[in-house]
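Please keep the sequence and the structure in view while reading.

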Amino acid sequence: MIKSGDSVPEIESINTFLTTISFAVEDLFNNTYEVLNNSLEQYIASYEAIGKLR
């Protein structure tokens with residue numbers, strides 16, 4: 001990606017791009033974690049409710 005002879009603006013542009021990608025991946029991970037965590041909490045609540053019906 002970065003090669004000999006690249007100018008500072010080119011390197012800064014690449015750095016900005018990679019930083020943006022990094023933040024996007026982090027957001028995706030956090031959102032996925034939240035969805036899975038909420039699903040688990042709903043599953044546990046449903047399981048407990050079914051147990052009380054028996």
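What radius of gyration does the chain have, and what would a compact globule of 54 residues have?

## Overall form

The model is predicted. Its chain has a radius of gyration of 22 Å, whereas a compact globule of 54 residues would have one near 10 Å. Along its principal axes, the C-alpha trace spans about 75 × 15 × 5 Å.

The secondary structure of the chain consists of one helix and zero strands. Helix 1 covers residues 8-53.

## Distances along the helix

Thr19 is partly exposed because its relative accessibility is 34%, a value between the limits of 20% and 50%. Ile44 is likewise partly exposed, with a relative accessible area of 39%.

## Exposure of the chain

Of the 54 residues of the chain, 4% count as buried. The accessible surface of the chain amounts to about 5,100 Å², and carbon and sulfur atoms supply 63% of that area.

## A nonpolar surface patch

Which residues make the nonpolar surface patch of about 360 Å²? The patch is made by Phe17, Leu18, Ile21 and Val25.

One of these residues, Ile21, is found in helix 1. Ile21 is partly exposed, at a relative accessible area of 40%.

## The aromatic pair

How many aromatic pairs does the count come to? The count comes to one aromatic pair. The pair is formed by Tyr43 and Tyr47, with 6.2 Å centre to centre and 25 degrees between the planes. Ring planes under 30 degrees apart count as stacked, and the pair of Tyr43 and Tyr47 is therefore classed as stacked, its planes being 25 degrees apart.

Both tyrosines, Tyr43 and Tyr47, lie in helix 1, four residues apart, which is about one turn of the helix. Are the two residues buried or exposed? Tyr43 is exposed because its relative accessible area is 54%, and exposed means over 50%. Tyr47 also counts as exposed, at 59% relative accessibility.

How values were computed:
Residues numbered from 1 in each chain as written. Predicted model: local features only at pLDDT ≥ 70, side-chain atom pairs only at ≥ 80, totals over all residues. Heavy atoms only, no water. Phe/Tyr/Trp six-rings, centres within 6.5 Å; stacked < 30°, edge-to-face > 60°. Helix = DSSP H or I, 4+ residues; strand = E, 2+ residues; numbered from the N terminus. Buried < 20%, exposed > 50% of the residue type's maximum accessible area, 1.4 Å probe, protein only. Patch = residues over 30% accessible without salt bridge, like charges linked within 9 Å, V, L, I, M, F, W, Y side chains within 5 Å. Areas by Shrake-Rupley, 256 points an atom, 1.4 Å probe, with all protein chains shown as cover. Salt bridge = Lys/Arg side-chain N within 4 Å of Asp/Glu carboxyl O. Rg over C-alpha atoms; globule rule 2.2 N^0.38 Å.
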